[in-house]
Amino acid sequence: MKYKYLIIHLLIPLVFAFLSQYFSYISQPKHQILPQNAIMIPVNYILWLCLYNLCFSLFYKTYKSIFLFLFIATTFTLVNYLKIKLLYQVFAITDLSQTKNLLLFLPDFVNQPKIIFIFFLVIIILTALFFLLKKYCHDKNPITARLILFPISIFILTIPLVFTNQYDYFIREKELPRDNANSIENSKLNGVLFYFFDNLKFLKKNTPENYNSATIQNIFSNLPQDKITKKSDKPNIIVILSEALFDVTKLPNINFSQDPIKNIRSDMKATMISSQLNGGTANVEFEVITGLSNYFYDYKIPYNQVVRQKLPSLFTQFKEQGYQTTVIHPYLRSMYNRTLVYNYFGLDKYISLEDMKNYEKAGPYVSDKSFMDEVIKQYESTDQPQLIFGLTMQNHYPFEPNRFAEHKVNFTDKLPLYEHQVLQSYVDGIYLSDVNYKFLKETIQKSSKPTVVVYFGDHLPLLITKFNIYNLLGYFTKEPDFWDSKDFDKMYTTLISLYSNFSTNLEIKEKMSPNFLSLEILKLANITPKHQFKFLESLSGTDTVLTKQFTPKFTPQQIKDYSLVQHDLISGHQFLYTKN
C-alpha cells in the first residue's frame with residue numbers, strides 16, 4: 001500500500017504541472033501543455049512537487065494536505081488565466097501586493113465572457129473535492145517525512161531569493177533561454193511556475209559594482225554645460241499616452257475606405273521605439289515620467305517591483321518652475337500601484353476613474369470623448385501653467401467583435417470573419433481616438449493660454465485570437481524567436497504627434513525610446529534638465545534609443561553610467577538627487 005501512496009504523491013504534482021501550463025494559456029492561440037524548452041519540463045515538475053511536499057508537511061491528515069495543494073495550484077492557474085486574458089501578463093510574486101485591489105476588478109470580470117462561469121465552476125469543484133477527500137481519504141502523514149520534507153521544500157522554493165547571485169550565475173552558465181522583455185514568451189518557454197519562481201529574485205536588492213557617492217559625482221562632473229537658456233515662457237504641456245495606438249495603415253494586404261488617424265497623422269513629428277509589445281503601458285509611462293529605462297530590468301514592472309522611494313521626475317522638474325502637475329487616467333486608482341508611485345514622483349493631483357462623473361463608455365472602457373472632456377476640464381480649471389499627463393483606456397485589449405456600433409472606417413482583407421471583426425473593433429477605436437484628438441486641438445486653439453500637446457502611442461495592440469492577425473496579414477512571417485531588426489522595428493514602432501496653439505519650435509528627434517521623450521517634453525517647456533534628465537541630455541548626442549530589442553549605439557561606459565544613475569535614484573542612496 002505504501003507504494004500506492006507514493007505513486008499518488010508523485011502523480012498529483014505531475015498532473016498539475018501539465019494542467020496549469022495548459023489552462024493558463026487556454027485563452028491564447030497555440031496554448032500548450034508543456035513548456036517549449038524541454039529541459040524545463042522536469043524543472044517545473046520538481047517545483048510543483050516541492051509545493052506539494054510543503055503542503056504535505058504542514059498537516060497530519062493527508063486530505064488537508066491534498067486539498068491545500070489543490071486550492072493553491074487551482075488559484076495560481078486561475079489567476080494566471082485571468083491576468084493573461086485581461087492584461088496579457090503573467091502572474092508574478094509582486095502581484096501579491098495588489099491583492100487588496102481584487103474587488104475593484106470585479107466589474108471587468110463580469111464583462112468578460114465565460115469568466116463568471118469558470119469562477120463559480122472552480123468554487124464548486126474545489127468544494128466537492130474537499131468533502132470527497134474528507135470522507136474517503138483517511139491517511140495520515142508520518143511525522144518523520146513531514147520533518148524532512150518541510151526544510152527541503154522551503155530550501156528549494158526560495159533559492160532565487162536566498163541565493164540570488166549563485167542562482168543567476170547558474171542560470172547564465174547553463175544559458176537558459178529567457179525572453180526577459182516579455183513575460184508571456186518567457187513563461188511559454190520555461191513554464192508558468194518557473195516564471196513565478198524565477199521572479200523571487202526581484203524581492204532582493206542588489207548593489208551594482210563601483211556604486212558610491214564619488215562615482216555618481218564623477219559621472220555628473222564630466223557632463224557638458226547646460227545647452228538650454230532659461231526663458232520666461234511657461235507654456236502648458238498636455239501629454240497624452242494613447243493606449244495601443246499605432247499606424248494601422250502599415251498592415252499589408254488591407255484597403256481602407258479612409259485614413260483612420262488622419263488628424264493624428266497630420267501632426268506626426270517622430271516615431272517612438274517602444275520598450276513594450278502588446279501591453280505594458282505602465283512600463284512606457286515609467287520611462288516617460290522618470291527618464292529612466294526598462295533596459296536595465298528583466299521583465300519587471302517598475303511601478304510594482306522597484307519604485308520604493310521619492311525620486312525626481314518630470315513632475316518635480318515642472319513644479320520647480322511653478323507648474324501644477326496632474327495625471328488623468330480613467331481606470332482604477334490603484335492599478336499598478338499608481339497612487340503610491342505618483343506620490344513618490346511628486347505629483348500634485350491624480351484624477352482616476354473613481355473621480356470621474358457621468359462618463360461614457362466606448363466598449364468596456366471609458367471613451368476617449370469622456371477622457372478628453374476631463375482633460376479639458378482640468379486644463380480650463382486654472383490660469384497657473386500646467387503639465388497634464390493623460391493615459392487613455394478606450395483601445396485597451398481585448399478587442400471583442402462589434403465593440404462599437406458604428407464602423408466609420410471600412411476595409412477589405414482576406415482575414416477569416418472573426419479576425420476581421422476583431423481588427424474592425426481596433427480600427428473603430430483608433431478612429432474615435434483621432435476624432436477626439438481633433439476635438440482637443442480645436443478646444444486648445446480657441447484658448448489664449450500657450451499650449452503644446454504631445455500625443456503618442458505606447459505599444460502595438462494585441463491583435464491575437466486563436467490566430468495572430470499580424471501573421472495572417474503578412475506583417476511578419478517568422479516566429480518571434482527568429483525576428484530580425486526589420487521585424488523588431490515593425491513590432492515596436494509607434495508614433496508621436498505634436499501640436500501647439502502658438503508659434504514655437506516643435507522639432508524633436510526623429511526616433512526615440514520613451515525615456516528620451518521626457519527630455520523632449522522638458523525642451524518644449526523651455527525647462528533646463530536636471531538630475532537624470534541632465535545625464536540623459538548628454539547621451540542624446542550619441543543616440544536616443546535604448547531598448548532590449550535593439551543593439552545600443554551607446555558606449556559600454558555610457559550604459560554602465562546610466563545603470564549606476566538609475567540604481568542611485570531607484571534603490572540607492574540618491575547621491576545624485578541630493579547634490580545635483
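The legends below describe several views of a predicted model.

**View 1. Overall dimensions and make-up of the predicted chain.** The chain holds 24 helices and 12 strands, and its C-alpha trace spans about 85 × 60 × 45 Å along the principal axes. The radius of gyration is 25 Å, which agrees with the value near 25 Å that a compact globule of 580 residues would have. Buried residues account for 57% of the 580 residues, while the accessible surface comes to about 25,600 Å², with 59% of that area belonging to carbon and sulfur atoms. Among the contacts with a separation of 6 or more, 77% are made by residues 24 or more positions apart.

View 2. The pairing of β3 with strand β12, residues 511–512, is in the parallel sense and extends over 2 bridges, with Thr271 having Lys511 of β12 as its bridge partner.

View 3. Gln574 is placed in the loop that lies between α23 (556–570) and α24 (575–579). The relative accessibility of Gln574 is 11%, and because buried means under 20%, this residue counts as buried. A polar atom of the Gln574 side chain lies 2.9 Å from the backbone oxygen of Leu569. When neighbours within four places in sequence are left aside, Gln574 is in contact with Tyr211, Gln309, Lys310, Leu311, Asp568 and Leu569.

**View 4. The aromatic pair of Tyr331 and Tyr365.** The count of aromatic pairs comes to 40. Tyr331 and Tyr365 form an edge-to-face pair, with 6.3 Å centre to centre and 65 degrees between the planes. Tyr331 lies in the loop between β4 (324–329) and α16 (338–344), whereas Tyr365 belongs to strand β7 (residues 365–366), so the pair ties together parts that are 34 residues apart in sequence. Both Tyr331 and Tyr365 are buried.

**View 5. A cluster of aromatic rings that includes Trp48.** Ring pairs link Trp48 with Phe16, Tyr52, Phe69, Phe76, Phe91 and Phe196 into a cluster.

Notes
Residues are numbered from 1 along each chain as its sequence is written. This is a predicted model: local features need pLDDT of at least 70, side-chain atom pairs count only at pLDDT 80 or more; totals for chains, interfaces and linings use all residues. Side-chain values use heavy atoms; hydrogens and water are left out. Helices (H or I, at least four residues) and strands (E, at least two) are DSSP runs, numbered from the N terminus. Buried means under 20% relative accessible area, exposed over 50%, partly exposed in between (1.4 Å probe, protein chains only). A polar contact is a pair of N or O atoms within 3.5 Å; within protein, one must be able to donate a hydrogen and the other to accept it, and residues adjacent in sequence count only if both atoms are side-chain atoms. Contact means heavy atoms within 4.5 Å. Two strands pair if DSSP finds at least two bridges between them. The radius of gyration is taken over C-alpha atoms; the globule rule is 2.2 Å times the number of residues to the power 0.38. Accessible areas come from the Shrake-Rupley method with a 1.4 Å probe; for residues, only the protein chains shown count as cover. Rings of Phe, Tyr and Trp (its six-membered ring) pair if their centres lie within 6.5 Å; planes under 30 degrees apart count as stacked, over 60 as edge-to-face and the rest as tilted.
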